[in-house]
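Please look over the sequence and the model before reading on.

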Amino acid sequence: MGIFAITIFALCLVSTTVAVTPEEILQAAEAISVDLLQHFKELTAKYAGQDILDVAFPILPPLPDPVFFNDSTTVIPPDSNLGQIVYGTIDNRNTNITGFSQLFNELRIAPAPDNEFILTLTIKSPYTRLAGEHDANLTLVSIPAPVLSHGDFSLTLTNVFIQLNVTAKVLLKNSLLIRNASLDLSIENIHAYTTETLIDGEAINWDEFNEGIDELFPQLWEKIKANLDPALVVAFNAIMKTCKLTDIIKGDFKCLEGEDPPEILRF
């Protein structure tokens with residue numbers, strides 16, 4: 001059940017992937033930054049004259065609920081990072097996420113020794129549901145075996161807790177140096193469903209999967225976290241070598257144009 005559940009959980013995540021180009025990602029980031037910039041201006045006015053190294057505030061403006069995605073086709077090449085696990089093609093239609101209206105988010109900035117500071121981003125969601133329609137033609141590398149999936153799909157998460165802790169230092173050259181990062185994730189209940197998913201011709205029993213994934217996920221996350229935390233430090237510092245701190249605060253992401261993304265962001 002362990003390997004089986006890990007594999008199918010990965011497929012659930014893969015099936016929600018939206019194929020976008022780096023240029024589209026930059027356009028989306030700049031569009032979002034307009035709302036964020038206004039949000040930050042309001043926060044600046046609110047905390048004017050206060051010690052910014054001892055505050056906590058919501059970092060995200062109110063989000064739409066539900067959120068709808070454009071229909072897309074995702075191609076996972078065999079020679080990509082993700083392709084070492086699973087490769088093939090996925091078509092997504094009528095994909096949407098509900099639950100953002102109940103989202104809690106908070107960024108806390110606290111002082112630390114040696115002129116450093118700690119950023120703690122906390123996100124909590126009592127209910128999040130990703131749903132839509134799909135057709136997938138994939139190959140699992142580890143077995144190997146063909147995976148055919150079609151029809152409706154959904155992934156429902158209950159009581160999600162995400163916390164990112166970053167220790168950083170502002171440098172004189174208008175940049176940040178990230179000392180360490182730690183990402184924690186817990187999910188009380190995971191419920192996945194597709195109309196039909198066949199692995200090597202055998203249908204997945206989603207009731208069996210959903211019974212086992214809640215117990216398995218913490219073990220899976222610990223293995224991911226061991227490699228993810230140090231990779232986040234490398235990725236953050238790689239971005240800060242290219243972008244100035246003031247550019248990011250202003251919502252100007254042109255500094256990332258033409259740059260290869262850090263290894264952790266390559267799929």
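The notes below cover a set of paired strands and two individual residues.

The model is predicted. Strand β5 (residues 104-112) pairs with strand β1 (residues 55-57) and is also joined to β6. Of the two residues described, K124 is found in strand β6 and D229 lies in helix α3.

**Strand pairing**
- Strands β1 and β5 pair in the antiparallel sense, over three bridges.
- Within this pairing, V55 stands opposite I109 in β5.
- β5 and β6 also run antiparallel, and nine bridges join them.
- A110 stands opposite I118 in β6.
- The strands β5 and β6 form a hairpin with three residues between them.
- In the turn of this hairpin, D114 has a positive phi of about 60°.

**K124 in strand β6**
- Strand β6 spans residues 116-140 and includes K124.
- K124 counts as partly exposed because its relative accessibility is 39%, between the limits of 20% and 50%.
- Leaving aside residues up to four places away in sequence, K124 touches Q102, L103, F104, V160 and F161.
- K124 and Q163 are 39 residues apart in sequence, and their C-alpha atoms are 8.7 Å apart in space.

**D229 in helix α3**
- Helix α3 covers residues 206-242, with D229 among them.
- D229 has a relative accessibility of 13%, so it counts as buried, the limit being under 20%.
- The side chain of D229 makes a polar contact with the side chain of K225 at 2.7 Å.
- The D229 side chain also reaches the backbone nitrogen of L183, at 3.0 Å.
- Not counting residues up to four places away in sequence, D229 touches A181, S182 and L183.

How values were computed: Residues numbered from 1 in each chain as written. Predicted model: local features only at pLDDT ≥ 70, side-chain atom pairs only at ≥ 80, totals over all residues. Heavy atoms only, no water. Helix = DSSP H or I, 4+ residues; strand = E, 2+ residues; numbered from the N terminus. Buried < 20%, exposed > 50% of the residue type's maximum accessible area, 1.4 Å probe, protein only. Polar contact = N/O pair within 3.5 Å; in protein donor to acceptor, adjacent residues only side chain to side chain. Contact = heavy atoms within 4.5 Å. Pairing = 2+ DSSP bridges.
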